[in-house]
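This report looks at the ligand site of one protein and at the pockets in its surface. Please keep the sequence and the model in view while reading.

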Amino acid sequence: MTTTPKHTSWIEIKSCALKNNLEIFRNIIGKNTSLGVVLKSNAYGHGLVDVLSILHDKVDLIHVISPEDALFIRGYEKKNNLSPKRILVLGSIDKNHLYDMMENNIELVLYGSEFLSLFENINTKQKFQIHLHIDTGLGREGLKVSQIDNEMICLEKIFDKVEIKGIMSHFANTEDVTDQTYAKEQLGVFNETVIKLQKKYPGLANIEKHFAASAATMLLPESRFDSVRIGISLYGLWASSETKVSYNVLSKELPDLQPVMSWKTKSQTVKKLEPGSFIGYGRSYKCECPTRIAVLPVGYFDGYPRILGNKAHVLVEGQRCPVIGRIMMNHIVIDITNVTNDNRQITVTLLGEDHGEKITAEMIAEWSSTINYEVVTRIGAHLPRILRTD
Ligand SMILES: *Cc1c(COP(=O)(O)O)cnc(C)c1O
């Protein structure tokens, strides 16, 4: 295994787990749907470079939020002599990114009427490839269906500058419910809008359609269209427990999604404290018995939620140890009295598996009243990522 840093915490990325999850989605979508992966937010906290190094040759297209990430991926491809993948920028862009986007063959999403003004005074030999984002009921970015006729008339003014390559939408609550009525309404609106636009603009007859993220890809086959945009479940996490329950209803066998990330650290110092000692800021924990503590070089700066003070567990030698006292900026303290009899340095798993015992992103999410998405994406980009190929 790669040597691990001693002064900080680190993230381990399991290559085989990521490949396993890709394979699961290849099987779910079949041959007629392209596999798009979402690598936004530092590949959901997993580390863009490491994730790219595992999956670049195994996917059909890559979705990011920012133009910077798209350009970073183009740079990565050049440096490593890889043939370029299709890249789509799902998020907001500035006018000063436009030429870079075109020169690098990066596809853009029309997210609102502001997008059109980017093209004022822009002259190009080549057309920009764009996807129309239709707001079918999420109430976030995208063209409003009720105003689509007007929006299209505005868009016609830049038809000499853009090629409409795709049309997309995004679900509002496929992962929050087991009843997909609202998702099906969104799908209906989408299909009607596509047909309407194709009638008016025959050039859109073969337009590429994409709608489904992880949950919908698993639960709503009719939403898979030409390509899917898999985010959270690529990294081995279920979009929600409702998604898991719903999948179980559709199919007896649950796919074996494997979490890709573990978060580990080594103790900075270990010592034994007398009864009556307090731990950390605010003296929120008092040792009732002689207590052996380990101070860990990780804190809320690194993305470990502050709300986990006196709440969470971590793993040492496969045993659960409580986090005691408050989470500090760069430190947390754990109680290892039941695990060791000496002050030797220990290795700690904050997230992941150790000797068969697990701390999952879902457990951390529940302790901190959030969702697994936030737990992983908040883990600091400054922490080293270590690729494990075993
Ligand atoms: C983030 C995102 C996705 C991926 O969603 P998951 O639930 O993580 O699979 C897909 N499409 C859009 C537009 C997104 O913003």
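How many Å separate an oxygen atom of the ligand from an N or O atom in the side chain of Y373? In this predicted model, the distance between the oxygen atom of the ligand and the N or O atom in the Y373 side chain is 2.6 Å.

## Polar contacts and burial of the ligand

Two further residues place polar side-chain atoms by the ligand: the one from Y44 lies 2.6 Å from a ligand oxygen atom, and the one from S214 lies 2.5 Å from a ligand oxygen atom. The ligand, taken alone, would expose 390 Å², and the protein buries 95% of that area.

## The shell around the ligand

The ligand is surrounded by 13 residues, of which K40, Y44, S214, I232 and Y373 are the closest. Sorted by class, this shell holds six nonpolar, three polar and four charged residues. The space that the ligand takes up is the second largest pocket.

## The largest pocket

The largest pocket has a volume of about 940 Å³. It is lined by 39 residues, and those closest to its centre are L237, W238, A361, E362 and N372. The elements that contribute two or more residues to this lining include the helices α2 (40-44), α10 (241-250) and α11 (361-367), together with the strands β11 (261-266), β19 (347-354) and β20 (357-359).

Helix α12 (372-377) also belongs to that group, and α12 gives the most to the lining, with four residues. By class, the lining of the largest pocket divides into 17 nonpolar, twelve polar and ten charged residues.

Note on methods
Residues are numbered from 1 along each chain as its sequence is written. This is a predicted model: local features need pLDDT of at least 70, side-chain atom pairs count only at pLDDT 80 or more; totals for chains, interfaces and linings use all residues. Side-chain values use heavy atoms; hydrogens and water are left out. A residue is near a molecule or strand if one of its heavy atoms lies within 4 Å of it. A polar contact is a pair of N or O atoms within 3.5 Å; within protein, one must be able to donate a hydrogen and the other to accept it, and residues adjacent in sequence count only if both atoms are side-chain atoms. Accessible areas come from the Shrake-Rupley method with a 1.4 Å probe; for residues, only the protein chains shown count as cover. On a 1 Å grid over the protein atoms alone, a cavity is a set of points where a 1.4 Å probe fits but cannot get out, and a pocket is an open set with protein on both sides within 12 Å along at least five of seven lines; lining residues have an atom within 4 Å of a point. A molecule sits in a cavity or pocket if more than half of its atoms lie within 2 Å of its grid points. Ala, Val, Leu, Ile, Met, Phe, Trp, Tyr, Cys and Pro count as nonpolar, Asp, Glu, Lys and Arg as charged, and the others, Gly among them, as polar. Grid points are joined across faces, edges and corners, and a volume is the space filled by probe spheres set on the points.
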